[in-house]
Amino acid sequence: LISALLIVKVTAFHNSFLSMTNHPNSLKDGGHNHPMTSKRAESSSPDSHSLRDGSHNHPPPNTMEAIQSRLAALNLELPPPGAPKANYQLVHRDGDLLYLSGHLPFSKDGTLVVGACAPSHVIEGDESQKWLSTEQGYEAAQHCALNLLSTLQSYLSTHVTTKKSADLSQIVKIVKLFGIVRSHDQFMEQHLVMNGASDVIKEVLGKDVGGCHARSAIGTNSLPLGICVEVEMIAKISDL
């Protein structure tokens with residue numbers, strides 16, 4: 001009887017060992033290599049609107065009322081939309097991207113800000129030319145930004161068809177600004193001049209839409225009509 005019981009136990013152990021080693025996901029130490037179902041695999045499927053850095057492609061919706069309120073709070077207003085000064089279009093649309101040609105620093109009264117930006121020691125020592133400080137260049141770049149926004153508003157309201165009149169609230173992102181600053185050879189603050197345009201765009205459209213855009217700022221010895229700065233823009237609009 002004892003021998004029979006021993007035989008039964010040995011047989012049962014042997015069969016159990018065989019079933020364990022023959023398991024398709026078994027390891028040599030008897031563990032099992034279960035297919036991966038970890039949270040890492042789940043988290044690897046990206047959200048449809050998420051970017052790798054955790055940000056989102058679709059910022060909170062803007063409204064024209066909010067934009068107008070920001071303009072009023074900043075004591076700013078959009079000038080009348082301008083017209084091309086040569087053989088080109090002010091705006092070219094490619095899908096959901098709007099490419100805006102270089103805009104000039106027309107002030108509120110319609111006059112152009114002309115001159116070249118120069119370091120302070122040049123301005124103080126030479127009054128024979130129209131030199132501008134970094135601060136004056138900054139203000140001129142602000143005018144460029146307001147003119148860009150005016151062009152956008154005009155284009156959206158006249159060229160884009162929606163259930164209602166399109167406006168600046170259709171802009172989901174300012175992708176890039178490109179600025180050219182007329183400069184003295186020793187002027188090295190083109191980037192600070194261009195902050196004027198960047199700051200206006202951010203403050204008027206809000207950080208999510210107008211801020212954190214890509215940007216370039218370069219200097220040159222001459223610009224059309226004697227202006228001190230010219231700014232281009234690329235803007236992304238919502239699907240319409």
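Tutor: The protein has seven helices and seven strands, taken as DSSP runs of H or I over at least four residues and of E over at least two, numbered from the N terminus. Along the sequence, the order is α-α-α-β-β-β-α-β-α-β-α-α-β-β. Bear in mind that this is a predicted model, where local features need pLDDT of at least 70 and side-chain atom pairs pLDDT 80 or more, while totals for chains, interfaces and linings use all residues. Numbering starts from 1 along each chain as its sequence is written, and side-chain values use heavy atoms, without hydrogens or water.

A pocket here is an open set of points on a 1 Å grid over the protein atoms alone, where a 1.4 Å probe fits, with protein on both sides within 12 Å along at least five of seven lines; lining residues have an atom within 4 Å of a point.

The lining has 18 residues, and Pro80, Pro81, Gly82, Phe106 and Asn147 lie nearest the centre. Strand E2 (97–103) and helix H5 (134–159) are the elements that give two or more residues to this lining. By type, the lining splits into eight nonpolar, seven polar and three charged residues. Nonpolar means Ala, Val, Leu, Ile, Met, Phe, Trp, Tyr, Cys or Pro, charged means Asp, Glu, Lys or Arg, and the others, Gly among them, count as polar.

Ser107 is buried, with a relative accessible area of 12%; the cut-off for buried is under 20%, with exposed over 50% and partly exposed in between (1.4 Å probe, protein chains only). The Ser107 side chain makes a polar contact with that of Thr111 at 2.8 Å. That term means a pair of N or O atoms within 3.5 Å, one able to donate a hydrogen and the other to accept it, and neighbours in sequence count only if both atoms are side-chain atoms.

Of its 41 residues, Leu152, Ile171, Leu205 and Met233 touch the most other members. H5 gives the most to this core, ten residues.

Notes
Core = buried A, V, L, I, M, F, W, Y, C linked by side-chain atoms within 4.5 Å.
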